[in-house]
Amino acid sequence: MAREKVIQGDSTPRPKPERASTPLAAPPVALGSVFNPDDQRFDDELRPQRLSEIVGQKKVLGRLQILLDATLKRKEPLGHILLDGPPGLGKTTLAMTLAREMGVECQITSGPAVEAPKDLLSYLTNASYGSVLFIDEIHRLRPNVEEFIYPVMEDFRVDIVLGEGMNARTINMKLKPFTIIGATTRSGMLTAPLRDRFNFREHLEFYEVADLAEIVRRNANKLRTAIAPEATQQIAIRSRGTPRKANNLLRWARDFATVKDDTGSITLPIIEQALAMLEVDQLGLDQQDRRYLQTLLSVFAGGPAGIQALGHTMNVPPDTLEDEVEPFLLRLGFIQRTPRGRVITSSAMEHLGITTGSGTVDEQRQLF
Ligand SMILES: Nc1ncnc2c1ncn2[C@@H]1O[C@H](COP(=O)(O)OP(=O)(O)OP(=O)(O)O)[C@@H](O)[C@H]1O
Ligand SMILES: [Mg+2]
């Protein structure tokens with residue numbers, strides 16, 4: 001497997017430009033096939049470069065800043081860090097910014113890309129003192145690779161077995177101390193031994209509307225697009241607590257405004273029309289979210305329904321539903337995850353325009 005690109009950290013403090021000088025410059029890093037190519041291009045364009053440019057997640061940032069300062073003071077490598085949380089909340093961004101703040105190299109790979117221990121070997125032997133190895137989707141590492149990584153994380157040692165059976169020999173190789181930053185959307189799928197080998201674990205939560213509005217404002221500035229404060233607020237409200245969604249809605253609104261408005265600026269009427277055309281509703285739910293709720297309601301009588309069954313009925317991989325659709329519906333209190341499966345709630349039915357009246361949800365569900 002070919003190694004993916006390496007980005008070089010930059011320890012020199014830079015002034016923060018209010019406007020990027022080349023807003024459409026080629027992305028500095030290619031992350032292989034992990035992302036939707038479209039999202040990736042856009043992600044890289046707008047990705048904050050320094051810790052001070054990251055908006056929101058104040059508590060997490062506060063703790064990471066302490067780790068960073070201590071590391072820089074002692075001139076020792078950072079401990080291994082696990083970042084978890086739903087897609088698009090800034091795990092990759094945080095990992096890259098940490099490496100950049102430390103002024104070290106950052107190698108990037110992902111769980112599914114590492115098929116065997118030998119695929120990881122080149123990353124490990126290339127890891128310089130204090131550098132960062134970012135492993136995305138770390139919950140998808142194969143068991144044999146996971147076992148191989150344990151001594152790496154604990155003692156910076158690899159154990160290579162040569163030969164087979166009676167003649168098998170184990171060779172130990174020492175590595176330079178470095179940092180593994182793992183990212184996962186499913187920390188629950190990580191095995192306990194792997195999870196325990198991370199010195200620090202941080203969970204990223206959905207963003208507040210005020211933080212998302214600030215992200216939209218800064219990014220519109222980077223993209224040299226004029227946007228009205230009310231339009232910024234609308235994007236923030238409807239981006240499901242997720243910076244990546246906010247960026248994607250901003251991109252759509254910019255395209256829409258370019259075509260529909262002579263000045264190309266994003267005003268409140270423009271954003272309303274743009275989001276209506278995209279079928280994003282007042283809470284930010286899109287077609288897929290509503291289809292999920294409608295399937296749960298009409299095919300499974302409101303639940304309980306297993307995720308596999310839901311996925312098969314909707315013809316969407318259950319993993320996609322679990323990663324991309326359910327976290328926000330759970331946060332809104334639109335579904336419940338019970339031991340017997342997913343159940344729709346009365347607030348979801350109200351949102352879909354189905355009045356629950358005075359009856360219980362269960363009674364109401366009998367109607368469907
Ligand atoms: N705190 C933040 N401040 C400003 N922009 C952010 C922040 N977090 C994320 N973003 C924006 O959202 C985009 C997506 O973030 P990122 O790629 O880091 O998410 P992720 O958690 O790694 O997602 P995935 O699980 O899909 O890999 C970034 O390119 C960046 O532009
Ligand atoms: Mg990522």
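The model is predicted: local features need pLDDT of at least 70, side-chain atom pairs count only at pLDDT 80 or more, and totals for chains, interfaces and linings use all residues. Residues are numbered from 1 along each chain as its sequence is written, while chains are lettered from A and ligands numbered from 1 in the order in which they are written.

Start with the largest nonpolar core, which has 34 residues. Such a core is a set of buried Ala, Val, Leu, Ile, Met, Phe, Trp, Tyr and Cys residues joined through C-beta atoms within 7 Å. Buried means that 20 or more other C-beta atoms lie within 10 Å of a residue's own, with C-beta atoms placed from the backbone. Among the residues with the most contacts inside this core are Ala95, Leu98 and Ile181. Helix H3 gives the most to it, with 6 residues. Helices (H or I, at least four residues) and strands (E, at least two) are DSSP runs, numbered from the N terminus.

Apart from this core lies another, of 23 residues, including Ile54 and Leu275.

Now turn to helices H7 (residues 209-222) and H8 (residues 229-237). Their axes come within 8 Å and cross at roughly 125°. Axes are lines fitted to C-alpha atoms, for helices over the stretch in contact, and angles run from 0 to 180 degrees between N-to-C directions. H7 and H8 are therefore oblique to each other. Angles under 35 degrees count as roughly parallel, over 145 as roughly antiparallel, 65 to 115 as roughly perpendicular and the rest as oblique.

Terms used: Buried ≥ 20, exposed ≤ 12 C-beta atoms within 10 Å, placed from the backbone.
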